[in-house]
Amino acid sequence: MLKRYLGGKKDLIEDIINVVQDCVKPGSTVGDFFSGSTVVSQALKSHGYRVVSNDVNYFSTMFAKAYVQNCTLPKVELQKLISKDLSEKYLKLGKIKLSELKGEAGFSFLKDDSNFLQFSEFVSLLCFLEEVDDYIIADFARTDIYDHYCEEGKYSSFKSNRGSEGNRRFFTPSNAKKIDLILSYIRYWYIHKILDENTYFILVSHLIRACEKVSNTQGTYHDFPRDKYDSRALNSLKFEIFEFDLVLNENLNHVVGESVDSLVFSKDSPSLDLLYLDPPYNFRQYTSYYFFPNILARYCEIEDLDTYFSNVSYVRGQNMDDNFDSQFCKKKIFINSLEEMIVNSKPNYVVLSYFNGKNHWNDFNSDCNGQGISELERFFNSNIFEKYSLKIIPIQRLNYQSYGGFKAKNINEYLFVAKLNKGGDDALA
(Lines give C-alpha, C1' and ligand atoms only; values in the text may rest on other atoms or scores of the structure.)
Protein backbone atom coordinates (compact mmCIF):
# COMPACT_ATOMS: atom_id res chain seq x y z
CA MET A 1 0.00 0.00 0.00
CA LEU A 2 1.02 3.64 0.00
CA LYS A 3 3.83 4.00 2.51
CA ARG A 4 4.31 7.75 2.13
CA TYR A 5 0.78 8.49 3.31
CA LEU A 6 -0.09 11.42 5.54
CA GLY A 7 -1.54 10.11 8.80
CA GLY A 8 -0.98 6.46 7.82
CA LYS A 9 -1.61 4.02 10.67
CA LYS A 10 0.90 1.29 9.82
CA ASP A 11 2.83 1.84 13.08
CA LEU A 12 -0.36 1.80 15.17
CA ILE A 13 -1.94 -1.35 13.74
CA GLU A 14 -1.18 -3.55 16.74
CA ASP A 15 -2.65 -0.98 19.14
CA ILE A 16 -5.77 -0.50 17.00
CA ILE A 17 -6.38 -4.24 16.64
CA ASN A 18 -5.93 -4.76 20.39
CA VAL A 19 -8.57 -2.14 21.13
CA VAL A 20 -10.97 -3.60 18.56
CA GLN A 21 -10.49 -7.09 20.03
CA ASP A 22 -11.30 -5.75 23.50
CA CYS A 23 -14.65 -4.51 22.18
CA VAL A 24 -15.85 -7.10 19.63
CA LYS A 25 -14.95 -10.65 18.66
CA PRO A 26 -13.58 -11.81 15.28
CA GLY A 27 -16.45 -12.34 12.83
CA SER A 28 -18.02 -9.05 13.91
CA THR A 29 -18.64 -6.31 11.34
CA VAL A 30 -16.26 -3.36 11.63
CA GLY A 31 -16.48 -0.15 9.61
CA ASP A 32 -13.47 1.84 8.38
CA PHE A 33 -15.00 4.97 6.85
CA PHE A 34 -11.77 6.91 6.18
CA SER A 35 -9.84 3.94 4.91
CA GLY A 36 -7.05 5.86 3.12
CA SER A 37 -4.22 3.46 2.33
CA THR A 38 -6.49 0.63 3.65
CA VAL A 39 -3.83 -0.58 6.07
CA VAL A 40 -6.41 -0.74 8.90
CA SER A 41 -9.06 -2.42 6.71
CA GLN A 42 -6.53 -5.05 5.66
CA ALA A 43 -5.43 -5.68 9.24
CA LEU A 44 -9.05 -6.05 10.38
CA LYS A 45 -9.64 -8.58 7.60
CA SER A 46 -6.52 -10.55 8.49
CA HIS A 47 -7.71 -10.78 12.11
CA GLY A 48 -11.03 -12.30 11.10
CA TYR A 49 -13.38 -9.32 11.02
CA ARG A 50 -15.93 -8.56 8.35
CA VAL A 51 -14.86 -5.17 7.01
CA VAL A 52 -16.98 -2.32 5.66
CA SER A 53 -14.47 0.01 3.99
CA ASN A 54 -15.00 3.40 2.37
CA ASP A 55 -13.02 6.46 1.35
CA VAL A 56 -13.80 9.28 -1.05
CA ASN A 57 -10.44 8.72 -2.80
CA TYR A 58 -10.75 6.28 -5.67
CA PHE A 59 -7.29 4.79 -5.20
CA SER A 60 -8.41 3.72 -1.72
CA THR A 61 -11.48 2.06 -3.19
CA MET A 62 -9.27 0.20 -5.66
CA PHE A 63 -6.96 -1.02 -2.89
CA ALA A 64 -9.95 -2.15 -0.84
CA LYS A 65 -11.48 -4.03 -3.77
CA ALA A 66 -8.15 -5.66 -4.61
CA TYR A 67 -7.09 -6.71 -1.11
CA VAL A 68 -10.09 -6.52 1.25
CA GLN A 69 -13.22 -7.43 -0.72
CA ASN A 70 -11.28 -9.85 -2.90
CA CYS A 71 -10.13 -13.10 -1.27
CA THR A 72 -8.57 -14.83 -4.29
CA LEU A 73 -5.38 -14.78 -6.33
CA PRO A 74 -5.38 -12.82 -9.60
CA LYS A 75 -6.27 -14.87 -12.66
CA VAL A 76 -4.04 -14.22 -15.66
CA GLU A 77 -3.85 -16.11 -18.93
CA LEU A 78 -0.61 -14.64 -20.20
CA GLN A 79 -1.00 -15.75 -23.82
CA LYS A 80 -4.25 -13.78 -24.07
CA LEU A 81 -2.42 -10.62 -23.05
CA ILE A 82 0.88 -10.86 -24.92
CA SER A 83 2.32 -12.99 -27.71
CA LYS A 84 3.17 -16.66 -27.22
CA ASP A 85 6.91 -16.01 -27.53
CA LEU A 86 6.81 -13.22 -24.98
CA SER A 87 4.62 -15.20 -22.60
CA GLU A 88 7.09 -18.10 -22.64
CA LYS A 89 10.00 -15.74 -21.97
CA TYR A 90 8.34 -13.89 -19.10
CA LEU A 91 6.80 -16.98 -17.56
CA LYS A 92 10.33 -18.27 -16.99
CA LEU A 93 11.32 -14.96 -15.40
CA GLY A 94 8.18 -14.89 -13.29
CA LYS A 95 8.76 -18.36 -11.89
CA ILE A 96 12.35 -17.48 -10.99
CA LYS A 97 11.22 -14.30 -9.22
CA LEU A 98 8.44 -16.14 -7.41
CA SER A 99 10.76 -18.95 -6.30
CA GLU A 100 12.81 -16.33 -4.47
CA LEU A 101 9.72 -15.39 -2.44
CA LYS A 102 8.95 -18.92 -1.25
CA GLY A 103 9.30 -19.01 2.50
CA GLU A 104 9.15 -15.23 2.86
CA ALA A 105 6.61 -13.68 5.22
CA GLY A 106 3.30 -13.16 3.45
CA PHE A 107 3.92 -15.82 0.79
CA SER A 108 3.16 -19.12 2.53
CA PHE A 109 0.39 -19.69 -0.05
CA LEU A 110 3.13 -20.48 -2.59
CA LYS A 111 3.71 -23.85 -0.88
CA ASP A 112 0.63 -25.04 -2.76
CA ASP A 113 1.73 -25.96 -6.31
CA SER A 114 -1.53 -24.82 -7.89
CA ASN A 115 -1.25 -21.43 -6.18
CA PHE A 116 2.36 -21.13 -7.33
CA LEU A 117 1.42 -21.82 -10.95
CA GLN A 118 -1.54 -19.44 -10.90
CA PHE A 119 0.36 -16.60 -9.24
CA SER A 120 3.40 -17.07 -11.48
CA GLU A 121 1.38 -15.89 -14.48
CA PHE A 122 0.51 -12.67 -12.67
CA VAL A 123 4.12 -12.10 -11.59
CA SER A 124 5.21 -12.82 -15.16
CA LEU A 125 2.87 -10.08 -16.33
CA LEU A 126 4.52 -7.67 -13.89
CA CYS A 127 7.94 -8.68 -15.25
CA PHE A 128 6.73 -7.94 -18.78
CA LEU A 129 5.37 -4.53 -17.80
CA GLU A 130 8.62 -3.60 -16.04
CA GLU A 131 10.54 -4.14 -19.27
CA VAL A 132 7.97 -3.06 -21.86
CA ASP A 133 9.36 -0.52 -24.33
CA ASP A 134 6.78 -0.29 -27.11
CA TYR A 135 3.03 0.10 -27.49
CA ILE A 136 0.63 -2.75 -28.05
CA ILE A 137 -1.61 -0.91 -30.54
CA ALA A 138 -1.14 2.57 -31.96
CA ASP A 139 -4.70 3.62 -31.09
CA PHE A 140 -3.92 3.08 -27.39
CA ALA A 141 -0.56 4.86 -27.36
CA ARG A 142 -0.87 7.73 -24.89
CA THR A 143 1.71 10.04 -23.30
CA ASP A 144 -0.43 11.80 -20.69
CA ILE A 145 1.89 11.26 -17.72
CA TYR A 146 4.99 12.30 -19.65
CA ASP A 147 3.24 15.33 -21.13
CA HIS A 148 1.86 16.67 -17.84
CA TYR A 149 3.99 15.39 -14.95
CA CYS A 150 7.65 15.40 -16.02
CA GLU A 151 9.75 18.46 -16.77
CA GLU A 152 10.22 17.60 -20.46
CA GLY A 153 6.49 17.21 -21.07
CA LYS A 154 4.90 19.64 -23.51
CA TYR A 155 2.03 20.45 -21.12
CA SER A 156 3.95 20.35 -17.83
CA SER A 157 4.57 24.08 -17.44
CA PHE A 158 2.95 25.93 -14.56
CA LYS A 159 2.67 29.39 -13.08
CA SER A 160 1.80 29.60 -9.41
CA ASN A 161 -0.49 32.14 -7.78
CA ARG A 162 2.64 33.73 -6.32
CA GLY A 163 4.17 34.16 -9.76
CA SER A 164 6.76 31.36 -9.80
CA GLU A 165 7.07 29.43 -13.04
CA GLY A 166 8.51 26.10 -14.08
CA ASN A 167 7.67 22.60 -15.21
CA ARG A 168 6.20 19.81 -13.14
CA ARG A 169 8.68 17.15 -12.12
CA PHE A 170 6.77 14.45 -10.31
CA PHE A 171 8.72 11.81 -12.25
CA THR A 172 11.91 11.56 -14.26
CA PRO A 173 11.27 11.47 -18.02
CA SER A 174 12.20 7.78 -18.21
CA ASN A 175 9.79 6.77 -15.45
CA ALA A 176 7.03 8.95 -16.88
CA LYS A 177 7.41 7.18 -20.24
CA LYS A 178 7.28 3.81 -18.52
CA ILE A 179 4.10 4.71 -16.63
CA ASP A 180 2.47 5.78 -19.90
CA LEU A 181 3.42 2.48 -21.54
CA ILE A 182 2.05 0.42 -18.66
CA LEU A 183 -1.18 2.43 -18.50
CA SER A 184 -1.67 2.07 -22.27
CA TYR A 185 -1.41 -1.71 -22.00
CA ILE A 186 -3.70 -1.99 -19.00
CA ARG A 187 -6.24 0.33 -20.62
CA TYR A 188 -6.23 -1.79 -23.77
CA TRP A 189 -6.79 -5.00 -21.75
CA TYR A 190 -9.45 -3.31 -19.61
CA ILE A 191 -11.47 -1.91 -22.52
CA HIS A 192 -11.31 -5.21 -24.39
CA LYS A 193 -12.32 -7.09 -21.21
CA ILE A 194 -9.27 -9.35 -21.31
CA LEU A 195 -8.72 -8.92 -17.57
CA ASP A 196 -11.30 -10.01 -15.01
CA GLU A 197 -12.38 -7.35 -12.51
CA ASN A 198 -10.35 -8.54 -9.51
CA THR A 199 -7.17 -8.90 -11.56
CA TYR A 200 -7.67 -5.42 -12.97
CA PHE A 201 -7.97 -3.94 -9.47
CA ILE A 202 -4.90 -5.86 -8.28
CA LEU A 203 -2.80 -4.86 -11.30
CA VAL A 204 -3.59 -1.14 -11.05
CA SER A 205 -2.99 -1.25 -7.28
CA HIS A 206 0.48 -2.65 -7.92
CA LEU A 207 1.13 0.18 -10.38
CA ILE A 208 0.03 2.86 -7.89
CA ARG A 209 2.46 1.48 -5.33
CA ALA A 210 5.27 1.24 -7.91
CA CYS A 211 4.73 4.88 -8.91
CA GLU A 212 4.82 6.03 -5.30
CA LYS A 213 8.25 4.45 -4.85
CA VAL A 214 9.72 6.58 -7.67
CA SER A 215 7.66 9.75 -7.29
CA ASN A 216 9.53 12.99 -6.70
CA THR A 217 7.41 13.96 -3.71
CA GLN A 218 7.83 14.52 0.00
CA GLY A 219 4.83 12.63 1.31
CA THR A 220 1.95 14.00 -0.75
CA TYR A 221 1.34 14.93 -4.39
CA HIS A 222 0.37 18.48 -3.55
CA ASP A 223 3.79 19.69 -4.67
CA PHE A 224 7.27 18.53 -5.63
CA PRO A 225 10.88 19.74 -5.16
CA ARG A 226 11.28 22.52 -7.71
CA ASP A 227 15.04 22.28 -8.23
CA LYS A 228 16.06 18.67 -7.56
CA TYR A 229 15.00 15.04 -7.57
CA ASP A 230 14.53 13.04 -4.41
CA SER A 231 17.01 10.15 -4.59
CA ARG A 232 14.13 7.64 -4.72
CA ALA A 233 12.79 9.26 -7.88
CA LEU A 234 16.02 8.43 -9.74
CA ASN A 235 15.39 4.69 -9.43
CA SER A 236 13.72 2.80 -12.28
CA LEU A 237 10.09 1.84 -11.77
CA LYS A 238 9.78 -1.67 -10.32
CA PHE A 239 6.82 -3.64 -9.02
CA GLU A 240 6.75 -4.77 -5.40
CA ILE A 241 4.71 -7.97 -5.14
CA PHE A 242 1.96 -7.78 -2.56
CA GLU A 243 1.94 -10.32 0.28
CA PHE A 244 -1.12 -12.34 -0.67
CA ASP A 245 -1.33 -14.29 2.57
CA LEU A 246 -3.19 -11.19 3.78
CA VAL A 247 -5.77 -11.61 1.02
CA LEU A 248 -6.42 -15.36 1.04
CA ASN A 249 -8.54 -15.88 4.10
CA GLU A 250 -12.18 -16.69 4.70
CA ASN A 251 -14.53 -14.54 2.63
CA LEU A 252 -16.85 -12.78 5.08
CA ASN A 253 -18.59 -10.75 2.37
CA HIS A 254 -16.60 -7.60 2.99
CA VAL A 255 -18.18 -4.39 1.71
CA VAL A 256 -16.42 -1.58 -0.17
CA GLY A 257 -18.05 1.78 -0.86
CA GLU A 258 -17.86 3.38 -4.30
CA SER A 259 -15.68 6.37 -3.35
CA VAL A 260 -18.54 8.37 -1.89
CA ASP A 261 -18.61 10.96 0.86
CA SER A 262 -18.37 8.95 4.08
CA LEU A 263 -21.22 10.97 5.56
CA VAL A 264 -23.41 9.77 2.71
CA PHE A 265 -22.06 6.24 2.96
CA SER A 266 -22.86 6.12 6.69
CA LYS A 267 -26.58 6.47 5.96
CA ASP A 268 -26.73 3.18 4.05
CA SER A 269 -23.93 1.31 5.74
CA PRO A 270 -24.49 -2.31 6.79
CA SER A 271 -25.15 -2.78 10.50
CA LEU A 272 -21.89 -2.32 12.41
CA ASP A 273 -20.62 -3.81 15.63
CA LEU A 274 -17.81 -1.27 15.72
CA LEU A 275 -16.88 1.82 13.73
CA TYR A 276 -13.22 2.81 13.41
CA LEU A 277 -12.64 6.43 12.39
CA ASP A 278 -9.54 8.34 11.38
CA PRO A 279 -10.93 11.59 9.91
CA PRO A 280 -8.85 14.56 8.74
CA TYR A 281 -8.24 17.06 11.53
CA ASN A 282 -7.20 20.13 9.59
CA PHE A 283 -7.73 21.90 6.27
CA ARG A 284 -5.81 19.40 4.12
CA GLN A 285 -8.08 17.95 1.44
CA TYR A 286 -6.91 14.44 0.66
CA THR A 287 -8.34 14.40 -2.86
CA SER A 288 -5.88 17.21 -3.62
CA TYR A 289 -2.96 15.78 -1.69
CA TYR A 290 -3.34 12.38 -3.39
CA PHE A 291 -4.81 13.40 -6.73
CA PHE A 292 -2.18 11.48 -8.71
CA PRO A 293 -2.93 8.02 -7.27
CA ASN A 294 -6.56 8.82 -8.05
CA ILE A 295 -5.62 9.54 -11.67
CA LEU A 296 -3.85 6.18 -11.93
CA ALA A 297 -6.85 4.43 -10.39
CA ARG A 298 -9.35 6.06 -12.78
CA TYR A 299 -7.22 6.28 -15.89
CA CYS A 300 -8.49 3.21 -17.73
CA GLU A 301 -12.09 4.11 -16.96
CA ILE A 302 -11.94 7.67 -18.32
CA GLU A 303 -13.58 7.67 -21.76
CA ASP A 304 -12.27 11.02 -23.03
CA LEU A 305 -8.69 11.34 -21.82
CA ASP A 306 -7.99 14.34 -24.07
CA THR A 307 -10.70 16.41 -22.42
CA TYR A 308 -9.79 15.15 -18.96
CA PHE A 309 -6.13 16.20 -19.19
CA SER A 310 -6.94 19.48 -20.93
CA ASN A 311 -8.60 20.52 -17.67
CA VAL A 312 -5.71 19.97 -15.27
CA SER A 313 -4.75 23.07 -13.31
CA TYR A 314 -2.64 24.48 -10.49
CA VAL A 315 1.04 23.80 -9.96
CA ARG A 316 0.32 20.16 -9.18
CA GLY A 317 -1.79 19.56 -12.30
CA GLN A 318 -5.09 18.33 -10.88
CA ASN A 319 -8.40 18.09 -12.74
CA MET A 320 -10.57 19.86 -10.18
CA ASP A 321 -13.65 17.90 -11.23
CA ASP A 322 -12.09 15.16 -9.08
CA ASN A 323 -11.81 17.37 -6.01
CA PHE A 324 -13.91 16.85 -2.90
CA ASP A 325 -14.35 19.34 -0.09
CA SER A 326 -14.62 17.33 3.14
CA GLN A 327 -16.73 18.69 5.97
CA PHE A 328 -14.21 17.22 8.40
CA CYS A 329 -11.62 19.70 7.11
CA LYS A 330 -13.70 22.57 8.50
CA LYS A 331 -13.30 23.44 12.16
CA LYS A 332 -16.80 24.85 12.69
CA ILE A 333 -18.62 21.70 11.59
CA PHE A 334 -16.10 18.97 12.46
CA ILE A 335 -17.79 17.79 15.66
CA ASN A 336 -21.28 18.02 14.15
CA SER A 337 -20.13 15.98 11.15
CA LEU A 338 -18.58 13.38 13.45
CA GLU A 339 -21.83 13.09 15.38
CA GLU A 340 -23.87 12.83 12.18
CA MET A 341 -21.73 9.97 10.89
CA ILE A 342 -21.95 8.01 14.13
CA VAL A 343 -25.69 8.56 14.54
CA ASN A 344 -26.25 7.52 10.91
CA SER A 345 -24.33 4.25 11.19
CA LYS A 346 -25.34 3.34 14.77
CA PRO A 347 -22.43 1.06 15.68
CA ASN A 348 -22.21 -0.56 19.11
CA TYR A 349 -18.72 0.85 19.65
CA VAL A 350 -16.67 3.70 18.21
CA VAL A 351 -12.87 3.77 18.07
CA LEU A 352 -11.38 7.05 16.88
CA SER A 353 -7.73 7.81 16.10
CA TYR A 354 -6.56 11.29 17.00
CA PHE A 355 -3.17 12.89 16.37
CA ASN A 356 -2.57 15.75 18.78
CA GLY A 357 -0.52 17.77 16.32
CA LYS A 358 -1.33 20.59 13.91
CA ASN A 359 -5.11 20.65 13.81
CA HIS A 360 -8.29 22.69 13.85
CA TRP A 361 -7.81 23.76 17.45
CA ASN A 362 -4.32 25.22 17.43
CA ASP A 363 -4.49 27.45 14.35
CA PHE A 364 -2.16 25.04 12.55
CA ASN A 365 0.85 27.31 13.04
CA SER A 366 1.08 27.03 16.82
CA ASP A 367 2.15 24.20 19.09
CA CYS A 368 -0.34 21.69 20.46
CA ASN A 369 -2.52 23.30 23.13
CA GLY A 370 -4.60 20.31 24.18
CA GLN A 371 -7.89 21.79 22.99
CA GLY A 372 -8.46 19.03 20.44
CA ILE A 373 -8.35 16.36 23.13
CA SER A 374 -10.73 18.41 25.27
CA GLU A 375 -13.18 18.89 22.40
CA LEU A 376 -13.22 15.17 21.60
CA GLU A 377 -13.45 14.18 25.25
CA ARG A 378 -16.46 16.45 25.62
CA PHE A 379 -18.05 14.88 22.55
CA PHE A 380 -17.49 11.29 23.70
CA ASN A 381 -18.99 12.14 27.08
CA SER A 382 -22.20 13.41 25.44
CA ASN A 383 -25.47 11.52 25.76
CA ILE A 384 -25.06 9.60 22.49
CA PHE A 385 -22.52 7.42 24.33
CA GLU A 386 -22.97 5.32 27.44
CA LYS A 387 -21.96 7.15 30.57
CA TYR A 388 -18.45 6.29 31.82
CA SER A 389 -17.73 4.14 28.76
CA LEU A 390 -15.03 6.45 27.37
CA LYS A 391 -11.41 5.30 27.37
CA ILE A 392 -8.57 7.44 26.02
CA ILE A 393 -5.47 5.45 25.18
CA PRO A 394 -2.25 7.40 24.48
CA ILE A 395 0.23 5.91 22.01
CA GLN A 396 3.70 7.30 21.42
CA ARG A 397 5.22 6.86 17.98
CA LEU A 398 7.65 8.51 15.58
CA ASN A 399 6.09 10.97 13.15
CA TYR A 400 6.35 10.51 9.41
CA GLN A 401 9.82 11.29 8.03
CA SER A 402 9.12 12.43 4.51
CA TYR A 403 12.61 12.52 3.07
CA GLY A 404 16.33 12.60 3.88
CA GLY A 405 17.67 15.25 6.22
CA PHE A 406 14.56 15.56 8.38
CA LYS A 407 14.66 13.72 11.69
CA ALA A 408 11.53 11.96 12.87
CA LYS A 409 10.21 13.09 16.28
CA ASN A 410 8.31 11.35 19.04
CA ILE A 411 4.66 12.33 18.95
CA ASN A 412 1.48 11.28 20.73
CA GLU A 413 -1.57 9.73 19.13
CA TYR A 414 -4.68 8.79 21.02
CA LEU A 415 -7.37 6.16 20.60
CA PHE A 416 -10.78 7.25 21.87
CA VAL A 417 -13.01 4.27 22.64
CA ALA A 418 -16.67 4.51 23.68
CA LYS A 419 -19.88 2.50 23.57
CA LEU A 420 -22.95 3.97 21.92
CA ASN A 421 -25.97 4.70 24.09
CA LYS A 422 -28.88 2.81 22.55
CA GLY A 423 -31.10 3.01 25.58
CA GLY A 424 -33.78 5.20 24.03
CA ASP A 425 -34.81 7.56 21.25
CA ASP A 426 -33.30 10.57 23.01
CA ALA A 427 -29.86 8.97 23.15
CA LEU A 428 -29.25 9.22 19.38
CA ALA A 429 -31.41 12.25 18.73
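User: Which residues is phenylalanine 119 in contact with, leaving aside its neighbours within four places in sequence?

Analyst: Contact means heavy atoms within 4.5 Å. By that rule, phenylalanine 119 is in contact with Leu73, Pro74, Leu98, Phe109, Leu110, Ile241, Phe242 and Phe244. A word on the source: this is a predicted model, where local features need pLDDT of at least 70 and side-chain atom pairs count only at pLDDT 80 or more, while totals for chains, interfaces and linings use all residues. Residues are numbered from 1 along each chain as its sequence is written, and side-chain values use heavy atoms, leaving out hydrogens and water.

User: How many residues does the largest nonpolar core have?

Analyst: A nonpolar core is a set of buried (under 20% relative accessible area, 1.4 Å probe, protein chains only) Ala, Val, Leu, Ile, Met, Phe, Trp, Tyr and Cys residues joined through side-chain atoms within 4.5 Å. Here the largest has 81 residues, and Phe119, Tyr149, Phe171 and Trp189 have the most contacts inside it. A second, separate core of 29 residues includes Phe328, Leu338, Ile342 and Leu376.

User: How many disulfides does a search of the whole structure find?

Analyst: A disulfide is a pair of cysteine sulfur atoms within 2.5 Å. The search finds zero. The sulfur of cysteine 150 is 13 Å from the closest cysteine sulfur, in cysteine 211, which is too far for a bond. Cysteine 300 is in no disulfide either, as the nearest cysteine sulfur, that of cysteine 211, is 12 Å away. Both are buried: cysteine 150 has a relative accessible area of 0%, and cysteine 300 has 3%.

How values were computed. Buried means under 20% relative accessible area, exposed over 50%, partly exposed in between (1.4 Å probe, protein chains only).
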